[in-house]
Amino acid sequence: MNSNINHNNDYDRYYGISLVTKYFNKCSKIIGGTNSGSCVSVAAKDDSGNYVVMVVNVSHKGEAFNVNFESAINKTLSRHLYNPSTVINSGDVKTVGADKTFTVSNSFTDYIPAGGIAVYTNFAD
């Protein structure tokens, strides 16, 4: 093991990566994606009409963004936000829980912190 590795930062990254694998593994089809400013997004859905949208902010500053769907989805999406500036590595490795909900027809707008990863989904936790 390399003693120069900052293990706390490595563990902190788990929280963001776990969001992606937990929800995108359930989807059967990628339905779109964008690269807008410093935010990159991808949307997917399963055969039952459940949606997952991931937004990653690759910038060193927070940014507002908008997600538009080609047609109305009429779903309530829960946001699971990995914020690298506030994550607390307690050693108890759990997926980041939902902190906000959005009632979505054709679009929604949100703000993502610097280096953040947000996953929006109507899948149950």
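Reader: Why is strand S1 said to lie largely in the open?

Author: Of the eight residues of S1 (residues 29–36), zero are buried, so the strand lies largely in the open. Buried means under 20% relative accessible area, exposed means over 50%, and partly exposed is in between (1.4 Å probe, protein chains only). Strands are DSSP runs of E of at least two residues, numbered from the N terminus. This is a predicted model, in which local features need pLDDT of at least 70 and side-chain atom pairs count only at pLDDT 80 or more, while totals for chains, interfaces and linings use all residues. Residues are numbered from 1 along each chain as its sequence is written, and side-chain values use heavy atoms, with hydrogens and water left out.

Reader: What makes S1 and S2 a pair?

Author: Strands pair if DSSP finds at least two bridges between them. Seven bridges join S1 to S2 (residues 39–45), and the two run antiparallel.

Reader: Why is the contact between Asp99 and Arg79 called a salt bridge?

Author: The term requires a side-chain nitrogen of Lys or Arg within 4 Å of a carboxyl oxygen of Asp or Glu. For Asp99 and Arg79 the N to O distance is 2.7 Å, so by that definition the contact is a salt bridge. Asp99 lies in strand S6 (residues 98–104) and Arg79 in strand S5 (residues 75–82), so the pair ties together parts 20 residues apart in sequence.

Reader: How do you know whether Arg79 is buried or exposed?

Author: Its relative accessible area is 9%. The cut-off for buried is under 20%, so Arg79 is buried.

Key. Helices (H or I, at least four residues) and strands (E, at least two) are DSSP runs, numbered from the N terminus.
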